[in-house]
Amino acid sequence: MTNVRKRQWKKEKYKDTFRMDQEFSKNYLDMDLLRFTTAGSVDDGKSTLIGRLMYDSKSIFEDQMEAIEESSKRRGDENLNLALLTDGLKAEREQGITIDVAYRYFATPRRKFIIADTPGHIQYTRNMVTGASTANLAIILVDARNGVIEQTCRHAFIASLLRIKHLVVCVNKMDLVDFQEEPFLKIQEEFAAFTSKLDITDIRYIPISALKGDNVVDKSSNMPWYNGATLLYTLENVQIASDRNFIDGRFGVQGVIRPMSDKYHDFRGYSGKVEGGIFRPGDEVMVMPSGLTSKIKSIESFEGQLKEAFPPMSICMTLEDDIDISRGDMICRPNNHPDATQDLDLMVCWLNQSALKPGGKYLIRHSSNEARCVVKGVRYKMDINTLHRLEDDREIGLNDIGRIFLRAAKPLMVDPYKKNRNTGSVILVDEFTNETVAAGMVI
Amino acid sequence: MSPHELHSYNLSHLKLLESEAIYIFREVAAQFEKPVLLFSGGKDSICLVRLAQKAFFPAKIPFPLMHVDTGHNFPESIEYRDSLAKEVGAELIVRSVQDTIDQGRAQEEKGPNPSRNAIQSITLLDGIEELGFDAAIGGARRDEEKARAKERFFSHRDEFGAWDPKNQRPELWNLYNGKKQMGEHFRVFPISNWTEMDVWQYIAQEEIPLPSIYFSHKREVVDRDGMLLAKSDFITLLKGEQYEEKVIRYRTLGDMTCTGAVESEANSIEDIIQEVASARITERGGRADDKRSEAAMEERKIQGYF
């Protein structure tokens with residue numbers, strides 16, 4: 001079956017689709033950016049879907065196509081193997097598996113897209129969490145023949161845990177169920193039942209055939225019963241601006257800029273990225289953890305002074321008063337600031353071979369801040385297939401998700417992750433190997 | 001907040017990519033003791049310099065630029081390098097592959113277009129070690145090549161300067177981990193998420209001047225296996241080959257021995273953008289160094305290549 005399905009690509013291979021429309025570049029200077037992640041289990045056609053999106057949006061170049069063809073031949077694959085396009089490392093190609101997250105890029109006249117392509121099996125929780133951490137949207141692939149399986153639920157759980165606001169469930173291989181509505185409805189029902197336990201607001205369902213292209217870029221004539229949008233239309237039009245936090249002013253200070261030149265003799269600016277809220281000159285601010293207050297004097301940039309700054313702009317801010325501010329501090333509002341706390345309650349995903357050591361010391365990184373910390377305990381481990389809390393199994397190893405509490409050596413200015421992804425996320429670093437061992441979300 | 005109000009708080013993709021790159025630059029300045037910006041004179045590193053200027057404005061770029069000179073560079077590119085370093089007021093360090101060869105630390109390749117591409121890694125690692133740099137910032141992009149698609153923003157290198165692609169640190173949110181042991185260093189890629197098109201659009205938006213060889217000009221070239229190589233002292237003509245004058249430009253700048261030209265009349269950034277938009281071959285398709293094997297880039301990167 002696989003061979004027949006793959007051959008479809010051959011036929012249209014040299015169709016003149018590589019050339020981009022000239023109009024394209026004219027519209028290109030001012031586009032949106034959407035980051036999404038793709039999740040699916042083995043053989044659900046994820047590579048084919050990504051291949052299809054890139055192919056139909058003319059993002060696969062001739063030399064890439066030729067290279068894939070050549071390696072397919074050399075490997076003895078009878079047909080074009082599109083997974084070779086996404087599998088970048090030698091070991092991946094040799095073993096026919098994807099080891100690591102790969103990033104792919106394509107653009108349409110409306111939007112530029114960054115895909116975090118995460119592997120279906122090996123290390124998959126770790127990789128999906130990584131890919132999901134920066135994604136606006138997640139595509140979850142379900143094989144129309146198999147329905148909602150354990151892995152589907154895991155994907156949905158991770159997406160909700162990482163608070164991806166938009167979920168697109170692509171019911172793939174509709175051609176293999178004769179484009180019938182029933183299997184699609186059944187999957188929709190099952191998925192909705194499972195996700196009612198999760199906190200995801202925007203879930204869309206699209207019946208597709210990644211291989212044949214139905215409802216991927218072009219609307220399918222094989223499924224007249226489906227009135228919704230195609231996948232690409234959905235990706236191009238989903239509203240993501242309101243996903244940022246414009247309410248709670250948060251500015252993690254990355255560094256102090258002091259030119260000490262003749263022109264900028266007394267200049268003292270604070271560099272950083274706006275992680276929440278909108279800042280304007282004249283605004284009252286409070287610096288955490290000191291609690292000192294001042295007013296914004298100016299917002300500086302290479303292009304000149306700015307009237308306002310909002311997420312996720314990288315700027316440089318000057319204040320009216322000369323107060324002690326350094327890297328790791330957070331500039332907030334007098335009446336809206338996170339508590340400076342040393343005790344943190346976290347959901348963590350463990351990313352490393354060596355398991356979490358209760359009582360162990362780690363480095364914690366949060367925004368531009370860093371501190372030593374000690375893990376005080378594990379509250380429970382999560383069974384990510386059933387969503388049960390395992391209170392008698394508290395061993396957190398590679399790819400496990402669990403709730404822990406720790407104490408940091410100095411106060412950190414954290415928000416709950418659900419309120420702000422930037423100021424609610426942390427990583428733990430092993431003090432001896434220097435490896436990033438855990439991703440944490442503040443409860 | 002109503003959708004109407006929100007509309008003005010949209011940032012274009014170029015602004016988002018710029019903000020991300022600036023953030024990375026500032027993290028490098030804060031997390032490392034002695035960073036260096038690897039400057040090749042190519043368009044990607046030219047963008048990097050502009051981004052570094054923005055990251056620390058109104059202060060100067062707080063680290064030097066380093067160029068690994070293979071000796072096979074286009075003269076236009078060297079000229080541009082010198083004037084840019086002067087303009088931004090940055091210290092320019094040049095380390096030359098010829099010196100490495102003269103010191104007996106590397107051997108020149110044989111053949112009709114001997115490439116110094118692989119041995120420049122030795123010069124680069126020597127330079128990093130000699131001057132004690134702990135972070136080398138480069139303009140590599142993930143869309144360039146399949147091994148680079150797996151690259152991190154903060155990419156760890158062991159004490160031999162080697163990359164272990166199968167054992168990389170996960171990178172989540174905007175949290176970058178630059179912790180290392182003595183003798184190790186990091187490669188940092190602030191424009192990882194940019195595509196070739198983004199770079200060109202950014203150059204257009206920022207009106208950044210470029211070396212002249214990116215634009216259409218007449219040049220004597222030889223067609224070798226479909227690649228147009230410029231006439232230079234480093235190329236030996238094979239039997240049956242001859243130079244001919246063509247109207248060409250370069251999409252990417254590497255050594256004269258391995259960078260192919262494209263026939264093009266594109267004379268302005270806008271022309272180039274049009275051309276890139278309709279291109280059917282990736283920019284590295286003109287690079288002989290990548291064609292040597294399927295994993296050519298990965299193997300070079302493991303050895304310490306940039």
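R280(A) is partly exposed, with a relative accessible area of 35%; the cut-offs here are under 20% for buried, over 50% for exposed and partly exposed in between, using a 1.4 Å probe and protein chains only. This is a predicted model, where local features need pLDDT of at least 70, side-chain atom pairs count only at pLDDT 80 or more, and totals for chains, interfaces and linings use all residues. Residues are numbered from 1 along each chain as its sequence is written, chains are lettered from A in the order in which they are written, and side-chain values use heavy atoms, leaving out hydrogens and water.

R280(A) pairs up with E308(A) in a salt bridge, their closest N and O atoms sitting 3.0 Å apart. That term means a side-chain nitrogen of Lys or Arg within 4 Å of a carboxyl oxygen of Asp or Glu. E308(A) is partly exposed too, at 23%.

## Across the chains

E27(B) and R365(A) form a salt bridge at 3.5 Å. E27(B) belongs to helix 2 of chain B and R365(A) to strand 14 of chain A, so this pair joins two chains. (Helices are DSSP runs of H or I with at least four residues, strands are E runs of at least two, and both are numbered from the N terminus.) E27(B) is buried at 1%, and R365(A) is buried at 4%.

There's also a salt-bridge network linking E303(A), K15(B), E18(B), R50(B), K54(B) and E206(B). Over all chains, the count is 44 salt bridges.

## Cysteines

How many disulfides turn up over all chains? The search finds 0, taking a disulfide as two cysteine sulfur atoms within 2.5 Å. For C170(A), the nearest cysteine sulfur is that of C153(A), 17 Å away. C170(A) is buried at 0%, and C47(B) is buried at 0%.
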